[in-house]
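Here is a quick tour of how the pieces of this fold sit together. Have the model open while you read.

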Amino acid sequence: MSYQYPEHFKYPDERIFFIEHVPTWEKSLGILKDKPNITLEIGALYGGSSTYILEEFCKLEGSHHYIMDININEYIKNNIKPYENKVTYFLGESSNSFKQFQHDGKSKEFLDFIYIDGNHMSKFVLEDAVNAFYCLKNGGFMVFDDFGGGWEQEVHMQVKTGVQSFYSSYFKYLNVINEGYQVFFQKVEYTDQQELKENYYKL
């Protein structure tokens, strides 16, 4: 599929990096298009992914898109303006934003989709993953950008380290949908309820 950004969309560079991922998103997340969705994006930059999410996954009545970012600029303001009635922008550290994050009074399991592309240090990737996980519905999707990049950096600076740490602890709640430069998970109920129950009572 060839995605075309709407006429109002503006971007400071000739190359919009996100658009390279659209075919994988269409294949892995296309199921979301036929229903209203509550979505979260951590790290929006200029709004390349934000606009696509709003156009493709939040077009139906009842949808809402949340953005968490430490910055805001004229490009992102312009790009999300036509959808401002269904966008909430949290300006600041995501760890602080999660303290007040809720939708229609719900603070857990209300999101259909999460895109994590914030601070790339593994510590912050892991924190964003854990915080976001509890807001995600069973059956919901979580996508990490830059999983396949930055390997020339020290381990603690790599997205992959944070994602692997998260997966190591939560893998019984996750199905891997796609793994490449980005990695896609789907949240599921714990795969062994008896095991979960037995360990719960050991605490």
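Contact here means heavy atoms within 4.5 Å. This is a predicted model, where local features need pLDDT of at least 70, side-chain atom pairs count only at pLDDT 80 or more, and totals for chains, interfaces and linings use all residues. Residues are numbered from 1 along each chain as its sequence is written, and side-chain values use heavy atoms, with hydrogens and water left out.

Helices (H or I, at least four residues) and strands (E, at least two) are DSSP runs, numbered from the N terminus. Take helix α6, residues 159–170. Its buried residues (buried is under 20% relative accessible area, exposed over 50%, partly exposed in between, with a 1.4 Å probe and protein chains only) are Val 159, Thr 161, Gly 162, Val 163, Phe 166 and Tyr 170. They pack against α5 (122–133), β5 (136–144), β6 (174–179) and β7 (183–187).

Two strands pair if DSSP finds at least two bridges between them. On that basis there is an open sheet of 7 strands with mixed pairing, in the order β3-β2-β1-β4-β5-β7-β6. The edges are β3 (87–91) and β6, each pairing on one side only. From one strand to the next, the twist averages 15° (axes are lines fitted to C-alpha atoms, for helices over the stretch in contact, and angles run from 0 to 180 degrees between N-to-C directions).

Over at β6, 5 bridges join it to β7, and the two run antiparallel. Glu 179 has Val 183 in β7 as its bridge partner.

## Strand β1

What about β1 (residues 38–42)? 5 of its 5 residues are buried. In a regular strand the side chains alternate between the two faces of the sheet. Here both faces are covered, with Ile 38, Leu 40 and Ile 42 on one side and Thr 39 and Glu 41 on the other.

β1 pairs with β2 (residues 64–69) in the parallel sense over 5 bridges, and Ile 38 stands opposite His 64. β1 also runs parallel to β4 (residues 111–116), joined by 4 bridges, with Phe 113 as the partner of Thr 39.

## Helices α1 and α2

The axes of α1 (residues 22–29) and α2 come within 13 Å and cross at roughly 35°. Val 22, Trp 25 and Glu 26 in α1 meet Tyr 52, Ile 53 and Glu 56 in α2.

How values were computed:
Expected span 1.5 Å × (residues − 1).
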